[in-house]
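Here is a short tour for anyone who likes to look at a structure with the numbers close at hand. Please open the view below and follow along.

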Amino acid sequence: MESIKPSGIKSIATSQRAQILIVIGAFMAYPFFASDYFIDIAFFFGIYALLGLSLNIVLGEVGLFDLGHAGFYAIGAYTTAILNTKFGIPILVLLPISALAAALFAYIVCSPVIHLQGDYLLIVTLGMGEIVRLALINNPFDLTGGPNGVFGIDFPSLGGGLFIDSSIEFYYLIWIIVALSILGLIRLQNSRIGRAWNYIREDETAASANGVDVKNYKLLAFVLGAALAGVAGNVYASKLMCVSPESFTFWESCLMFCIVLIGGMGSIPGVLIGAAFISLFPEIFRPFAMYRMLVFGSAMMLMMMFRPGGFWPRKRGAVEFRSILGAPGRDDG
Amino acid sequence: MHVILEQLINGLTIGSFYALIALGYSMVYGVLKLINFAHGDFFTLGSYLGYTVLVFGSALITSHFGLWGGLIVAMTVAAVSLAAVGLIVERLAYRPVYPAGRLPAVVSALGASIFLQNTIMVIWGPRFQAYPSKLIPNVHLQLGDIHITLLQILILLMSFILMGSLYFIVQKTTFGAAIRATALDRDTASLMGININKVIFFVFTLGPALGAMTGIMVGMYYRQISFTMGWNYGLKAFTASVLGGIGNIPGAMLGGLILGVLEMLGAAYISAAWKDVFVFLILILVLIFRPTGILGEKLAEKV
């Protein structure tokens, strides 16, 4: 194991700090040079970045196969939509509530299945994601509005008659949330919890033999991941002003899975690159019209051929990853 | 009483679709530990090829071979083409990624799936296509109170013949023993002189071919096909193969049939809208109490 660093942020070298400042500056300046259309694309890039970061906790840090993450995203979005339209609770108040609702849901549904390994966990999470979507379509207790979803969600209010309602404001809202999440996640990666997660990913039996509470650490990952996905759902719902079940399909879970793997498991800059690929690629190739998804699929295959560890693998994990990726016969990844 | 029996027969019909598709997932998973997400699209592509042969080639073929001949030609064309497509996908999308491990292969499989789905959309267009209606004489059989259509009997008969022959190959022949050995432990099997490439060849030709034939049967049964239907059927079939014990070939057949019957009984007695929820709940419950599926005992996950 490598030595324990007091803080991930302090250890960043000065040159890296300059690079990070440039990136942040570019993100802040971007909306002043782009049209509303491109600002909206960058907004969805932010949503996918947040979703990727949330799945990265479960899949990247702990190595749990979760193909139902859209379910948590949906719970967050619908919590916001229903509480806002029925009771008029402001969106920003609902932000932590949506996160809590998604986290609670994850805790309840994942507790009984957390002992499952590898692909069996994958299929159970997949089933849960589908159950959430089907339940939303079937309109239980007349709450979710069936296949049409819920309409008329407010814009986030800042008080005093100020609303976040333009593309630029939403852009800043999502990227501030993403930035704060990244700061939190970097701290988490270098904490006791982060190391316990990585230990479980590398060797669950050894971790549990060394006194790591495997079950609860796995649950914690699901709960935190779901909470972050719930936050993404909240912002998404207020941006679109409506939510419908077709935004939370199995396909959406697959995209999140790809974001994490294309970027590099457990790597935060990797997740940003993966999210950029997933959200920007279809837009850039829009001139190709019908053929763009063909190109997209081929690009995914090519990427895995030439960079199977992801585009920006996590440095500390470089040695650790070889043990997962080098053993194709292993069942639990 | 006759409602239950009719629903059972409907369930078995749909279940045999799931079972035949599930076999493709399960065989590939058994040998390569890879979830072949593109398999659902093999099924769709087979359905579209069959459609093309039946609609555009029907006049020519049926005049030479008759109605049944036309069907057989469609099935053969679809099966052979899909076997070839399966091999090409394996070569181009999976083989270069194997050495890197399982997760990159998942992304590659999803990429292959997007690619195939959009190829189908580009060729046949994004709208629904309808299978010709008078393929099979619309005859109802009356057994006591129970209605069965000729088509259902044909589908059941055909799927049981296909499953039976696959079961025979896998369980009774030497080559089948090699496949099962590979599924249990690939490295040891190759040390014992089993040609793994031959096994991979087998699963990547037979799986898609079975999927293609199922595609034609689904087209005849529902008469409507769309380029995205592979996702739904694939998801259900994958669920079925896990239910039966993934990697286990009799398990995939059993899982598919059980899933179809549960779905139909759920639709009849609980609620048609909630039937899929019911199916997934059963799946989750089975996995909680029997994490390796119904027949999956031998393939318990290594710690």
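## Where the two chains meet

A polar contact is a pair of N or O atoms within 3.5 Å; within protein, one of them must be able to donate a hydrogen and the other to accept it, and residues adjacent in sequence count only if both atoms are side-chain atoms. With that rule, 0 residue pairs in polar contact turn up across the interface of chain B and chain A, where both residues must have pLDDT 80 or more. Please keep in mind that this is a predicted model. The search for salt bridges across the interface of chain B and chain A also gives 0.

Which elements of chain B give two or more residues to the side that touches chain A? They are helix H3 (58–94), helix H4 (102–124), helix H9 (229–244) and helix H11 (275–289) of chain B. H4(B) contributes the most to that side, with 15 residues. In terms of contacts, 49 residues of chain B meet 49 residues of chain A. About 4600 Å² is buried between chain B and chain A, and carbon and sulfur atoms give 76% of that area.

## Chain A as a whole

Chain A holds 13 helices and 2 strands. It has 333 residues, of which 53% count as buried. If you take the contacts in chain A with a separation of 6 or more, residues 24 or more positions apart account for 76% of them.

## Aromatic rings

Over all chains, the search of the whole structure finds 33 aromatic pairs. Why does the pair Phe277(A) and Phe296(A) count as stacked? The ring centres are 5.5 Å apart and the planes stand at 20°, so the pair falls under the 30 degrees that stacking requires. This pair links distant parts of the chain: Phe277(A) belongs to helix H11 (residues 268–284) of chain A and Phe296(A) to helix H12 (residues 292–306) of chain A, 19 residues apart. Phe277(A) is buried, because its relative accessible area of 12% is under 20%. Phe296(A) is buried too, with a relative accessibility of 1%.

Elsewhere in chain A, ring pairs join Phe43(A), Phe44(A), Tyr73(A), Tyr78(A), Phe155(A), Phe170(A), Tyr236(A) and Phe248(A) into a cluster. One member, Phe43(A), also has the charged end of Lys239(A) sitting over its ring, 5.1 Å from the ring centre.

## A buried aspartate in chain B

Asp41(B) is found in helix H2 (residues 39–56) of chain B. Is this aspartate, Asp41(B), buried or exposed? Asp41(B) is buried, with a relative accessible area of 2%.

Leaving out residues up to four places away in sequence, Asp41(B) touches Ser113(B), Leu116(B), Gln117(B), Ile120(B) and Gly230(B). For Asp41(B) and Ser113(B), the separation is 72 residues in sequence but 6.2 Å in space, C-alpha to C-alpha.

## Two positive phi angles

Met241(A) is a residue other than glycine with a positive phi, near 65°. Met241(A) lies in the loop between helix H9 (214–240) and helix H10 (250–263) of chain A, and is partly exposed at a relative accessible area of 36%.

In chain B, Arg223(B) has a positive phi near 65°, again in a residue other than glycine. The loop that holds Arg223(B) runs between helix H8 (196–222) and strand E4 (224–225) of chain B. Arg223(B) counts as partly exposed, because its 36% relative accessibility falls between the 20% and 50% cut-offs.

Definitions and conventions
Residues are numbered from 1 along each chain as its sequence is written. Chains are lettered from A and ligands numbered from 1 in the order in which they are written. This is a predicted model: local features need pLDDT of at least 70, side-chain atom pairs count only at pLDDT 80 or more; totals for chains, interfaces and linings use all residues. Side-chain values use heavy atoms; hydrogens and water are left out. Rings of Phe, Tyr and Trp (its six-membered ring) pair if their centres lie within 6.5 Å; planes under 30 degrees apart count as stacked, over 60 as edge-to-face and the rest as tilted. Helices (H or I, at least four residues) and strands (E, at least two) are DSSP runs, numbered from the N terminus. Buried means under 20% relative accessible area, exposed over 50%, partly exposed in between (1.4 Å probe, protein chains only). A charge sits over a ring if NZ of Lys or CZ of Arg is within 6 Å of the ring centre and within 35 degrees of the ring normal. Contact means heavy atoms within 4.5 Å. Buried area is the accessible area (1.4 Å probe) that two parts lose on being put together, summed over both. A salt bridge is a side-chain nitrogen of Lys or Arg within 4 Å of a carboxyl oxygen of Asp or Glu.
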